[in-house]
Amino acid sequence: MATQFNETKISVIEGIYAQQKSHYLAIGKTTASERIQKLTRLRDTIFTFRKELQDAMWKDYRKPAAEVDLTEIYPVLQEIKFASKHLKRWMKPKRVARPITMIGSSSWIQYEPKGMSLIIAPWNYPMQLLFAPLVSAIAAGNTVILKPSEFTSHTVAILKSIVSETFEEKEIAVVEGGVEVSTALLNLKFNHIFFTGAPDIGKIVMAAASKHLASVTLELGGKSPTIIDQTANIKAIVPRIAWAKFVNAGQICIAPDYAIIHESKKEEFIQSMGQQITKHYGEDIMKSSDYLRIISSKHFLRLKGYLENSLEQGGKIAYGGTLYEPENYIEPTLVENVPLDSDLMKYEVFGPIFPVITYKDRKEVVDLINSKEKPLALYIYSQNKKNIKYFIENTSAGGTCINMSAVHVGNPNLPFGGINNSGIGKSRGHYGFLEFTNERSVLHQKLPSAIEFMAPPYTKLKQRLVDITLKYF
């Protein structure tokens with residue numbers, strides 16, 4: 001598990017902030033080629049530290065090397081590749097049309113960096129969720145202070161080395177610490193704050209940003225439902241759901257949070273899930289080198305409490321249920337007959353416990369989903385086009401996968417983000433670039449303006465021109 005983190009002194013943070021404040025205008029004037037060179041340097045440094053990253057994440061919470069490569073390093077490299085390929089086009093001013101009443105003028109959108117940025121990342125994907133928005137911030141021409149989670153200290157040490165070997169502190173810097181450091185950062189006047197984490201903390205970040213009228217991107221979470229209707233092919237879909245739910249031991253914001261399954265499919269689903277979990281992690285899951293641990297004792301006890309509360313209210317373990325506190329180990333667990341007012345159904349699980357709810361009529365599904373906050377993701381497993389359409393049109397979510405789970409975040413052409421309680425703003429690819437960019441409107445008047453002919457005094461002729469404008473233009 002993670003060791004004690006090194007907390008950055010407030011005076012050091014203030015010094016870094018002062019450096020970036022004096023330098024952000026110069027960074028904002030960099031060309032696309034210069035920014036691409038920075039991204040290329042970052043990519044090369046990541047490759048240099050690949051083995052160190054793998055070792056660090058194993059020490060922090062037993063993350064397998066393959067998962068480090070696939071879920072931490074690869075998404076960041078993909079962001080770098082995508083931004084480098086398209087950045088020149090993204091930065092190019094965009095001409096827009098003008099109404100006939102503005103004849104003699106031209107208009108365009110100028111893309112300029114927001115300026116000084118703060119990125120606060122969580123522990124569950126300590127590299128991806130710190131560096132993916134960093135790529136967008138660099139592409140947009142911002143300075144950045146990075147605040148990773150204090151729970152993954154081994155990983156943070158490597159991330160800090162990557163940043164320090166690639167950038168000067170006056171442009172990009174990593175600071176470490178807990179609540180005190182986060183509070184000190186939020187008291188500073190940034191132009192944009194990008195936060196990934198829990199909704200309750202997101203509200204604190206948004207309140208702090210409001211004091212400076214800073215814009216925010218909030219990547220939050222919530223209870224992402226998985227709908228499985230009577231037409232779903234259980235054998236085909238279970239491997240997809242099992243992977244998405246139990247990768248990273250369920251500690252992922254877009255993990256399927258609970259299954260709401262047609263009653264005719266429940267028994268087959270539970271049996272198939274048990275078989276698939278064994279296929280992934282073996283008969284003795286605790287000995288598997290492919291299965292992670294819960295990040296800390298605090299989060300282990302939270303999950304244990306959720307499970308105990310649900311069992312006390314009538315829930316039943318259908319698979320798994322083994323917990324071992326000395327290692328913060330929780331076996332992949334399926335729970336059926338879960339009361340809707342139990343902790344497992346009130347709060348985001350964020351762990352390897354999977355409540356299974358049944359339904360008879362599809363209206364029950366949308367009523368349940370709509371009774372909760374809008375989720376970050378919604379997953380629909382069905383072969384019925386009418387059902388798929390019904391579930392999409394009668395619910396709201398940050399993103400949706402049909403007959404798949406979680407992979408929508410991997411398409412850089414799609415915006416990623418939540419809605420309301422599950423997030424504000426979008427990220428990844430072009431959408432991430434825009435999040436750190438001010439789309440500045442510019443109008444250039446080249447010929448005499450129609451406004452000049454409509455200014456006071458308002459004669460009868462001018463009133464006639466106003467009448468014509470209202471009616472025809």
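Two strands count as paired if DSSP finds at least two bridges between them. In this predicted model, β2 and β18 run antiparallel and are joined by nine bridges.

Helix α1 covers residues 10-28. Its 19 residues should span 27 Å at 1.5 Å a residue, and the end C-alpha atoms are 26 Å apart, which agrees. The helix has a kink of about 40°, centred on Ser 22. Its buried residues are Ile 13, Ile 16, Tyr 17, Gln 20, His 23, Ile 27 and Gly 28. An α-helix has 3.6 residues a turn, so residues three or four places apart point the same way. The table lists elements that are included in the cover over the buried residues of α1.

| Element | Residues |
|---|---|
| α2 | 32-48 |
| β2 | 105-113 |
| β3 | 116-120 |
| β4 | 143-147 |
| β5 | 172-174 |
| α7 | 179-186 |

The protein chain as a whole has 17 helices and 18 strands. Its radius of gyration is 25 Å, close to the 23 Å that the globule rule gives for 473 residues, so the chain is as compact as a globular protein of that length. Buried residues make up 54% of the 473 residues. Of the contacts between residues at least 6 apart in sequence, 73% join residues at least 24 apart.

Conventions
Residues are numbered from 1 along each chain as its sequence is written. This is a predicted model: local features need pLDDT of at least 70, side-chain atom pairs count only at pLDDT 80 or more; totals for chains, interfaces and linings use all residues. Side-chain values use heavy atoms; hydrogens and water are left out. Helices (H or I, at least four residues) and strands (E, at least two) are DSSP runs, numbered from the N terminus. The expected span of a helix is 1.5 Å times one less than its number of residues. The bend at a residue is the angle between axes fitted to the seven residues ending there and the seven starting there. Buried means under 20% relative accessible area, exposed over 50%, partly exposed in between (1.4 Å probe, protein chains only). Contact means heavy atoms within 4.5 Å. The radius of gyration is taken over C-alpha atoms; the globule rule is 2.2 Å times the number of residues to the power 0.38.
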